[in-house]
Amino acid sequence: MIWLSKRRTIFFMLIPTMIVYLGYIIMPVLISFYYSLTEYTGIGTAKFIGLDNFSRLWEDSLFWISLKNTLVVLAVSLLLLLPGSFLLALMLNVKVKGGNAVKALNFAPSIVAPILVGLIWVFILDPQMGLINVILTKLGLGQFALSWIGGKTLTPYSIGIVFTWQMIGFLATIFLAGLKMIPRDVYESSSMDGANKIQQMFRITIPMMNETVKINVVLIITGVFKIFETVLLLTNGGPNHLSEVMVTYMYNITFTSGEYGYGMAIATVTFLLTLIFSLIYMTLSRKSIE
């Protein structure tokens, strides 16, 4: 098996993966960027207009609404999903009878198609027929029956909660794998030195989970910036585009309004923001360790 360690062999083994990555990831990004510099309807010849589409973004109030909503969903997801999935992983790490079944159920929402997730939560959050408002009304608490989706304020927060429900099991599984990688000897040695459970948590567990935390934060950022089907089912961006996120607004501009070039400009900005947020977090987390 010595031949596997040769750099040339490794390079040739990576070629098929790199071809697929180039064809399905890099090329679409470059094509999208090209069309973002054009005026194009998807039919005929694209007309090169430079940065006009990006200049138009600055004056597009609906784009800024979609960006604000996306950032709200991101904030809610980071505040709820990151600590929530870590706490869930800690509970799943405790050996109990039936623990494997609980782990499987915990992961279940992650394998449900996003479009079905949206459909499920429509029946929970809908202001008219949703389960939450129906229960509140039956209990005589109708004043608390709010427009959880489809209103002007609460929709992005609700989307963040739905995204948290969908992803918490997946991220908890990653955290659980990270917890399993921490040597038991470290905890035993700290116990002999008099460290209690809380001290072990903040002095051992959390510091040694740093790389796992990085992975999950990046997954949250990339996941939020590509939310589409769930929002489409919950509100379809309404009313009057007030609950749009960036991907749904890009979809509506591209395929409903037929402005392919402008839609690709929105897609390009979405990609760049995802990359920027991820790089900023990775940089800050690296500095905090140093």
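Two residues are in contact when heavy atoms of theirs lie within 4.5 Å. Keep that cut-off in mind on this tour, and remember that the model on your screen is predicted.

Start by selecting Gly-178, which you will find in helix H7, the helix that covers residues 155-180. Is Gly-178 buried or exposed? Its relative accessibility is 10%, and because buried means under 20%, Gly-178 counts as buried. Now select Arg-7 as well: from Gly-178 to Arg-7 there are 171 residues in sequence, and the two C-alpha atoms are 30 Å apart in space.

Next, keep helix H7 in view and select helix H5, residues 114-125. Two packed helices are described by the angle between their axes and the distance between the axes. For H5 and H7, the angle is about 125 degrees and the axes are 11 Å apart, which makes H5 oblique to H7. The crossing in which H5 passes H7 is right-handed. To see where they meet, show the side chains of Pro-114, Val-117, Trp-121 and Leu-125 in H5, together with Ser-158, Val-162, Trp-165 and Gln-166 in H7. Sorted by class, this contact has six nonpolar residues, two polar ones and no charged ones.

For the last stop, move to helix H3, residues 61-92, and select Ser-66 within the helix. Ser-66 has a relative accessible area of 0%, so the residue is buried. Beyond residues up to four places away in sequence, Ser-66 touches Glu-244, Val-245, Met-246 and Tyr-249.

Terms used. Residues numbered from 1 in each chain as written. Predicted model: local features only at pLDDT ≥ 70, side-chain atom pairs only at ≥ 80, totals over all residues. Heavy atoms only, no water. Helix = DSSP H or I, 4+ residues; strand = E, 2+ residues; numbered from the N terminus. Buried < 20%, exposed > 50% of the residue type's maximum accessible area, 1.4 Å probe, protein only. Axes fitted to C-alpha atoms, helices over the stretch in contact; angles between N-to-C directions. Parallel < 35°, antiparallel > 145°, perpendicular 65-115°, else oblique. Left-handed = near helix turned anticlockwise from the far one by under 90°. Nonpolar A, V, L, I, M, F, W, Y, C, P; charged D, E, K, R; others polar.
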